[in-house]
Amino acid sequence: MGGWTLAPAPAAYTARVAAIINQWAVITIVLSGIALSIGVVLIRRGNREAHMRAMIVASALATLFLVLYLTRLGLGYEKKYVGPDGWRGAYFALLISHILLAAANLPLALGALWNAWKGLKSAGNLGNIAAPPARTYFDRHRAWVRWTVPVWLYVAVTGWIIYLVLGRYGEVVKG
Ligand code: HEM
């Protein structure tokens, strides 16, 4: 007794680490949304090389997010909404749409990346995307990204909103 009170209890320590991991998860998902938006602007301007780099950065950040998020889940850290009752329904609609679309974003991003990669391999270089086999892959790439980009942006923006809401109206239930 006595002497141990100076050290934080293991459960409180885990919650502290999990809260920091959670902050970094939000930072990575927001940054991935920014890199994604930059990548879209770059391809609209016709800069394929820079587009490819921005999208690889966006994908790496989203992968990092997933690792941080799963680590946080593994630590058992969770917050519940304790805000105004009038906003409860809206909050859960946001949360559920965010979770469902976040799950959908993984296959969507993989489909976009896979077709871009196959297109690049058959084109040889990004100046040659009109060559027949490459064209087919980049047409598929365009079809995938029509869904990938809005879903990804929705997930990034709502993830950030949920974090802000729980920062103000959240209570740690586990961890
Ligand atoms: C998940 C990551 C990616 C996303 C979300 C994405 C998104 C986009 C978007 C929004 C467009 C414009 C489509 C349109 O004009 O209708 C596009 C086009 C294009 N992307 Fe990506 N992109 C990604 C990764 C890549 C990568 C890694 C490469 C290179 C290997 C690449 C190469 C291209 C090319 C060459 C085009 C132009 C296609 C054309 O003019 O028909 N993209 N991409």
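Val-155 lies in helix H4. The setting is a predicted model. Is Val-155 buried or exposed? A residue counts as buried if 20 or more other C-beta atoms lie within 10 Å of its own. Val-155 has 24 C-beta neighbours inside 10 Å, so it counts as buried. Across the chain, 22% of the 175 residues count as buried. Asn-105 is 50 residues away along the chain. In space, the two C-alpha atoms are 8.1 Å apart.

The chain holds four helices and two strands. Their order, read from the N terminus, is α-α-β-α-α-β. The C-alpha trace spans about 75 × 40 × 25 Å along its principal axes. How does the radius of gyration of the chain stand against that of a compact globule, and what is its value? The chain has 20 Å. A compact globule of 175 residues would have a value near 16 Å.

The packing of the helices comes next. Helix H3 covers residues 88-123, and helix H4 covers residues 132-169. The two pack at an angle of about 150°, and their axes are 6 Å apart. Angles over 145 degrees count as roughly antiparallel. H3 is therefore roughly antiparallel to H4. The crossing of H3 with H4 is left-handed. The contact of H3 with H4 involves 25 nonpolar, 11 polar and two charged residues.

H1 and H2 form another packed pair. Here the angle is about 160°, and the axes are 8 Å apart. That angle makes H1 roughly antiparallel to H2. H1 and H2 also cross in a left-handed sense. Their contact has 24 nonpolar residues, seven polar residues and two charged residues.

Conventions:
Residues numbered from 1 in each chain as written. Predicted model: local features only at pLDDT ≥ 70, side-chain atom pairs only at ≥ 80, totals over all residues. Axes fitted to C-alpha atoms, helices over the stretch in contact; angles between N-to-C directions. Parallel < 35°, antiparallel > 145°, perpendicular 65-115°, else oblique. Left-handed = near helix turned anticlockwise from the far one by under 90°. Nonpolar A, V, L, I, M, F, W, Y, C, P; charged D, E, K, R; others polar. Rg over C-alpha atoms; globule rule 2.2 N^0.38 Å. Buried ≥ 20, exposed ≤ 12 C-beta atoms within 10 Å, placed from the backbone.
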